[in-house]
Amino acid sequence: MKIEKLAGIDIGSNAIRLLISNVITEDKKNPIFKKSSLVRVPIRLGADTFIQGKISEENKTRMIKAMQAFKLLMEVHGIKKYKACATSAMREASNGTELVDEIFTKTSIKIDVIDGKEEASIIFSTDLTNILKADTSYLYVDVGGGSTEFTVFSDGKIINSKSFKIGTVRLLNYTNSETKEIWDEIEIWIKANTKKLKKLALIGSGGNINKIFKLSGKQMGLPLSLTYMKDYLGFLSQMTYEERITKLFLNPDRADVIIPATKIYVSAMEWSGSNKIYVPKIGLADGIIKTLYFNNL
């Protein structure tokens with residue numbers, strides 16, 4: 001038996017995450033990926049980038065300190081290989097490149113700033129293919145803080161994929177009139193790419209849909225229905241921000257973004273004609289670790 005420790009750092013628009021996993025391998029057996037530690041720090045880079053166009057001095061300092069802490073944690077865990085990826089907030093910030101360079105100078109952590117398609121590609125390196133059924137088509141929806149990635153699968157193959165600049169943090173800070181054009185583009189794209197597909201289901205990815213699934217009490221592997229998602233959106237919308245924290249025990253940085261996230265999933269279900277969504281609980285950090293491992297074989 002061989003055990004290899006790998007780490008993935010996901011620098012998103014709403015939070016940053018460090019995932020540490022043990023990869024257990026035995027002769028003639030598929031590797032087992034077992035999560036060892038997950039650290040999430042609620043640094044909302046998107047609130048800076050999507051309004052001011054750059055990351056604030058306060059969040060730059062917090063980012064550097066968080067990455068220094070991640071470096072120490074990886075050393076304590078004995079991590080030999082890791083990869084750090086940043087998405088839309090860092091990509092769109094006018095001082096994003098400057099911050100990436102500063103973090104490397106102070107921590108030696110190299111950050112790759114990736115686009116939406118590359119992000120989706122990394123996530124696909126998880127066990128997503130094991131979820132897909134040959135007789136079912138899927139619309140994969142990954143909702144982030146700054147962007148949402150949509151991918152259509154049919155017959156086990158990718159048919160089309162597109163990233164849109166609409167995400168939970170962006171929706172919190174933009175008016176309906178500012179986002180209407182993007183909503184319209186998404187609706188047209190989903191309808192055009194799913195209209196000929198029968199037996200379509202959604203696959204949802206992201207921290208918010210994971211939390212909704214956990215609160216539902218559903219058994220892993222079972223889908224949530226469109227009726228449930230619409231009812232839950234209504235339930236969340238009737239509660240105040242404070243009630244979502246005190247009654248649902250949501251983190252403060254989750255209690256506000258969970259509503260726009262749910263709206264994206266519900267809209268995607270309605271526009272694609274799907275009445276169920278599967279939640280395999282996969283994310284960018286998981287994909288980073290899988291990519292790290294298999295690229296080294």
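Leaving aside its neighbours within four places in sequence, with which residues is V141 in contact?

**View 1. Contacts of V141 in the predicted model.** Beyond those neighbours, V141 is in contact (heavy atoms within 4.5 Å) with T148, E149, F150, L202, I203, G204, S205, I264, Y265 and A268. The model is predicted, with local features needing pLDDT of at least 70 and side-chain atom pairs counting only at pLDDT 80 or more, while totals for chains, interfaces and linings use all residues. Residues are numbered from 1 along each chain as its sequence is written, and side-chain values use heavy atoms, leaving out hydrogens and water.

**View 2. The largest nonpolar core.** This core (buried Ala, Val, Leu, Ile, Met, Phe, Trp, Tyr and Cys residues joined through side-chain atoms within 4.5 Å; buried means under 20% relative accessible area, 1.4 Å probe, protein chains only) has 38 residues, and L139, V141, F150 and M229 touch the most other members. Among the elements supplying at least two residues each are strand 6 (137-143), strand 7 (148-154) and helix 13 (258-272); helices (H or I, at least four residues) and strands (E, at least two) are DSSP runs numbered from the N terminus. Helix 13 provides the largest share, 9 residues.

**View 3. Lining of the largest pocket.** A pocket is an open set of points on a 1 Å grid over the protein atoms alone where a 1.4 Å probe fits, with protein on both sides within 12 Å along at least five of seven lines; lining residues have an atom within 4 Å of a point. Of 40 lining residues, R17, G206, G207, N210 and R254 lie nearest the centre. Helix 9 gives the largest share, 5 residues.

Notes
Buried < 20%, exposed > 50% of the residue type's maximum accessible area, 1.4 Å probe, protein only.
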